[in-house]
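I am opening this notebook to record what I looked up in the model, topic by topic. The sequence and the structure come first, and my entries follow.

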Amino acid sequence: MTDATALRTRWQDALVAARGDAAGPDPLPYADDLLGRWAEPQRRYHGTAHLTQVLDRVDTLAGHASDPDLVRLAVWFHDAVYRPDRSENEERSAALAERALPEAGVPDAATAEVARLVRLTVTHDPADGDTNGEVLCDADLAILAAAPKEYAAYAAQVREEYGFVPDEAFRAGRSAVLRQLLGLPRLFRTPHGAAEWEPRARQNLTTELDLLTRSPAETGE
């Protein structure tokens, strides 16, 4: 089974589950539209590999969510609109979900929950007890807890996506993001995320921040 075929199957399973007893059109054209978006050329990190990884993490955390299939649909939409030079990506992605899901047969309440979850990825700050939001945000941030080599590849891909930003400005902006993350009392809200991902994520963030804030002489540039 190819990666695209596997992803289409995962989309179909989540969509059919979200429909409940409601009928709807063939799910696969919607999957193909979304996969086309996730494969756009401006993406280096936010591509189909990221989509697959976040879906995998949701599978790991699914027992914590009140409705894991709606979380999975939110994963599909959370970066469906992605332009590195724009700030309204999450809102536009949520609006896309609000248009596409009712057409695909998803009830209004479920559509609203998916759109809410997509908008939550602006801050990754779910309210206590928002188990769907906790699972989505933890799954999306799980890359921060990757092994050092994988984390370094992620950081390099993020830099490629922002290739239009001069080095000094990128260093300042990325450093601010890392400091904001490190300043949070906790990065992960699920029990699994807190136990398994938090320590390594903080180590990775600290290492990247140190590299970004060294002088050119220190880094050999």
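How many aromatic pairs does the structure hold? I found seven aromatic pairs, where rings of Phe, Tyr and Trp (its six-membered ring) pair if their centres lie within 6.5 Å, and planes under 30 degrees apart count as stacked, over 60 as edge-to-face and the rest as tilted. I note that this is a predicted model, in which local features need pLDDT of at least 70 and side-chain atom pairs count only at pLDDT 80 or more, while totals for chains, interfaces and linings use all residues. Residues are numbered from 1 along each chain as its sequence is written, and side-chain values use heavy atoms, with hydrogens and water left out.

**Aromatic rings**

I looked up Y45 and Y154, whose ring centres are 4.9 Å apart with the planes at 70°, so the pair is edge-to-face. Y45 lies in the loop between α2 (28-38) and α3 (48-61) and Y154 in helix α8 (residues 148-161), so this pair ties together parts that are 109 residues apart in sequence; helices here are DSSP runs (H or I, at least four residues), as are strands (E, at least two), numbered from the N terminus. Both Y45 and Y154 are buried, a word I use for under 20% relative accessible area, with exposed for over 50% and partly exposed in between (1.4 Å probe, protein chains only). For Y162 and F164 I noted centres 5.9 Å apart and planes at 40°, so that pair is tilted. Y162 counts as partly exposed, at 27% relative accessibility.

**Charges over rings**

Which residue lies over the face of W38? I found R43 there, at 5.2 Å from the ring centre, and likewise R159 over the face of F170, at 4.3 Å from the ring centre; a charge sits over a ring if NZ of Lys or CZ of Arg is within 6 Å of the ring centre and within 35 degrees of the ring normal.

**Helices α6 and α7**

I next took helix α6 (residues 108-120) and helix α7 (residues 131-141), whose axes come within 10 Å and cross at roughly 45°. Axes are lines fitted to C-alpha atoms, for helices over the stretch in contact, and angles run from 0 to 180 degrees between N-to-C directions. The contact is made by E113, R116, L117, V118 and L120 of α6 and by N132, G133, L136 and C137 of α7, contact being heavy atoms within 4.5 Å. Of the eleven residues of α7, ten are buried, which leaves this helix mostly covered. The buried residues of α7 pack against α3, α4 (68-78), α6 and α10 (191-196).

**Single residues**

Leaving aside neighbours within four places in sequence, R174 is in contact with Y151, Y154, V158, E208 and L212.

L51, found in helix α3, counts as buried at 0% relative accessibility. Not counting residues up to four places away in sequence, L51 touches L7, L35, W38, V75 and W76. From L51 to V75 I noted 7.0 Å in space, C-alpha to C-alpha, and 24 residues in sequence.

D21, in the loop between α1 (3-19) and α2, is exposed, with a relative accessible area of 86%. D21 and R119 are 27 Å apart in space, C-alpha to C-alpha, and 98 residues apart in sequence.
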